[in-house]
Amino acid sequence: MATARAPAVAPRRKPRQSRARHTSQALQEAFVRLLVEKGYAAITIREIVSVAGTGLGSFYEYFASKEDLARVCLHLRSKALLLDMRAAVAAHAGRPLAEIVDAVIDAQLEAHRAQPLAWGAHYLLERHLSGPEAYRKMYDRFVAEWVGVLDAAIDLSPDCQKKEVARVCQTIIYGLFAHLHIGTGGRPDLQALSRQLRAALHGYLKGVA
């Protein structure tokens, strides 16, 4: 005689993990808001938790210090750019190099368009808080993505020195984005930046790739 089986029970959500993500995100958003409004040096942890709507105890559950929170925000914002770049390359793989490069430029411009003031503060803070090892590690990740750009192109020259070319491309795009956002206080002319990026990258790649 078959034994009746109990109905399947859906797995319970994990509220602690959900709340943790929500709290951490709220603290990050509060930090970025205050960073734009006041600058890094003037921000206090008490202000961060007040804007985030949480408490000091919750802050120290997720972050060791204001500097720790700042480094996390810097890392995640840079990582988001990496993912946008990767998605643009995947969507245009097998196309001519110029088209893939344009797609990458468009994706980076779109990512910066939503919060230009926050990006200006990001690039400025990055210069103060990113140590050589952290900076080098993130830089190398972007260089690897540029190698992916070259690999995805249908018309790449077999003589192309991919790693070298990738490093120059990253230096060009990062330099123009960072210096323009810092130099304008987070109020860049993105249309002009688009022209500058295309001229610089296509001009360089024409002779080496």
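Helix α4 (66-92) meets helix α5 (residues 97-113) through L81, D84, M85, A88, V89 and H92 on the α4 side and I100, A103, V104, A107, Q108, A111 and H112 on the α5 side, where contact means heavy atoms within 4.5 Å. The residues of this contact divide into nine nonpolar, three polar and one charged, on a scheme in which Ala, Val, Leu, Ile, Met, Phe, Trp, Tyr, Cys and Pro count as nonpolar, Asp, Glu, Lys and Arg as charged, and the others, Gly among them, as polar. The model is a predicted one, in which local features need pLDDT of at least 70 and side-chain atom pairs count only at pLDDT 80 or more, while totals for chains, interfaces and linings use all residues. Residues are numbered from 1 along each chain as its sequence is written, and side-chain values use heavy atoms, with hydrogens and water left out.

Two packed helices are described by the angle between their axes and the distance between the axes. For α4 and α5 the axes come within 9 Å and cross at roughly 145°; here axes are lines fitted to C-alpha atoms, for helices over the stretch in contact, and angles run from 0 to 180 degrees between N-to-C directions. The crossing in which α4 passes α5 is right-handed, a term used if the near helix is turned clockwise from the far one by less than a right angle, with anticlockwise giving left-handed. The helices themselves are DSSP runs of H or I with at least four residues, numbered from the N terminus.

Helix α5 has 17 residues and reaches 24 Å from its first C-alpha to its last, close to the 24 Å expected at 1.5 Å a residue, the expected span being 1.5 Å times one less than the number of residues. Within α5 the residues L97, I100, V101, A103, V104, I105, A107, Q108, L109, A111 and H112 are buried, that is, under 20% relative accessible area, with exposed meaning over 50% and partly exposed lying in between (1.4 Å probe, protein chains only). These buried residues pack against α4, α6 (116-129), α7 (132-152), α8 (162-183) and α9 (190-208).

How do α5 and α9 lie relative to each other? They pack at an angle of about 150°, with their axes 10 Å apart, which makes α5 roughly antiparallel to α9, since angles over 145 degrees count as roughly antiparallel, under 35 as roughly parallel, 65 to 115 as roughly perpendicular and the rest as oblique. In this pairing, L97, A98, V101, D102, I105, D106, L109 and R113 of α5 meet L190, L193, S194, L197, R198, L201, H202 and L205 of α9, and the residues of the contact divide into 10 nonpolar, two polar and four charged.

Against α8, the axis of α5 comes within 12 Å and crosses at roughly 25°, so α5 is roughly parallel to α8. The crossing of α5 past α8 is right-handed, and V104, Q108, L109 and H112 in α5 meet I173, F177 and H181 in α8, a contact whose residues divide into four nonpolar, three polar and no charged.

Two further helices that pack against the buried residues of α5 are α6 and α7. Helix α7 has 21 residues and spans 30 Å from its first C-alpha to its last, close to the 30 Å expected; its buried residues are M138, Y139, F142, V143, E145, W146, V147, V149, L150 and A152, and what covers them includes α4, α5, α8 and α9. Helix α6 has 14 residues and reaches 20 Å, close to the 20 Å expected, and A118, W119, G120, A121, H122, Y123, L125, E126 and L129 are buried in α6.

Some single residues complete the tour. C73 is found in helix α4 and is buried, with a relative accessible area of 10%; not counting residues up to four places away in sequence, C73 touches Q28, F31 and V32. In helix α1 (residues 15-38) sits T23, which counts as buried at 16% relative accessibility and, leaving aside its neighbours within four places in sequence, is in contact with T54, S58 and Y62. By contrast, R46 of helix α2 (residues 45-52) is exposed, with a relative accessible area of 60%, and the C-alpha atoms of R46 and L56, 10 residues apart in sequence, are 7.0 Å apart in space.

Terms used:
Helix = DSSP H or I, 4+ residues; strand = E, 2+ residues; numbered from the N terminus.
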